[in-house]
Amino acid sequence: MEQQALNQLMRESAEDAIKTSKEEFDIDLDFSPESIALVDTIILKFLATYKEQALEDKAVFTICNIYGAYLGETFRKLAGGQWQYNLQDEEAPSIMLIYQEKTFAFAGICYERLVNDSNISVKRYFDEALDSATH
């Protein structure tokens, strides 16, 4: 996938996260650093509202990818970076954000919170990523 198309896909996915958050939970996301904590809340609201449906493969894929895109696009606005399509695991290709030779798996941290451990903080991961990128 060429870079321009990938960037557009991720921008559109981030916009989907904003729209979904407003429609489903009346939560406004605005690409601010403060809005990142809301993503933690939104992921848990999906679990509380939709229970097992939120953990079906298609829902997991969609939730993690749109909110991962939102986190990445917020990071890009604050620090920069480029999206990269990662084909190392052909069974499960992924999209990562690359910034100054560091790789950030924003969709992956959403997956961890949604599927594996609701105590994992998307905000903490984001803050650490931003801190490591800017210092």
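1. A salt bridge is taken here as a side-chain nitrogen of Lys or Arg within 4 Å of a carboxyl oxygen of Asp or Glu. On that criterion, D26 and K22 are joined through their side chains, with N to O at 2.8 Å. The model is predicted: local features need pLDDT of at least 70, side-chain atom pairs count only at pLDDT 80 or more, and totals for chains, interfaces and linings use all residues. Residues are numbered from 1 along each chain as its sequence is written, and side-chain values use heavy atoms, with hydrogens and water left out.

2. K22 also forms a salt bridge with D28, where the closest N and O atoms are 3.3 Å apart. For accessibility, buried means under 20% relative accessible area, exposed over 50%, and partly exposed in between (1.4 Å probe, protein chains only). D26 is exposed at 56%, D28 is exposed at 51%, and K22 is partly exposed at 39%.

3. The whole structure holds five salt bridges. One of them pairs the side chains of E73 and R76, at 3.1 Å from N to O. Both residues lie in helix α3 (residues 57–78), three residues apart, which means that about one helical turn separates them. E73 is buried, with a relative accessibility of 6%. Helices (H or I, at least four residues) and strands (E, at least two) are DSSP runs, numbered from the N terminus.

4. Two packed helices are described by the angle between their axes and the distance between the axes. Axes are lines fitted to C-alpha atoms, for helices over the stretch in contact, and angles run from 0 to 180 degrees between N-to-C directions. Angles under 35 degrees count as roughly parallel, over 145 as roughly antiparallel, 65 to 115 as roughly perpendicular, and the rest as oblique.

5. Helix α2 (residues 36–50) and α3 have axes that come within 11 Å and cross at roughly 175°. The two helices are therefore roughly antiparallel. Contact means heavy atoms within 4.5 Å; on the α2 side it involves I36, V39, I42 and F46, and on the α3 side I63, Y67, Y70, L71 and T74. By class, this contact has eight nonpolar residues, one polar and no charged. Ala, Val, Leu, Ile, Met, Phe, Trp, Tyr, Cys and Pro count as nonpolar, Asp, Glu, Lys and Arg as charged, and the others, Gly among them, as polar.

6. Helix α1 (residues 3–25) packs on α2 at an angle of about 45°, with the axes 12 Å apart, so the pair is oblique. Residues T20, S21, E24 and F25 of α1 meet I42, K45, F46, T49 and Y50 of α2. Four of the contact residues are nonpolar, three polar and two charged.

7. The axes of α1 and α3 come within 7 Å and cross at roughly 110°; the two helices are therefore roughly perpendicular. From α1 the contact includes N7, M10, R11 and S21, and from α3 it includes N65, Y67, E73 and R76. The contact divides into eight nonpolar, five polar and four charged residues.

8. S21 sits in helix α1 and is buried, at 0% relative accessibility. Leaving aside neighbours within four places in sequence, S21 is in contact with D26, I27, L29, I42 and Y67.
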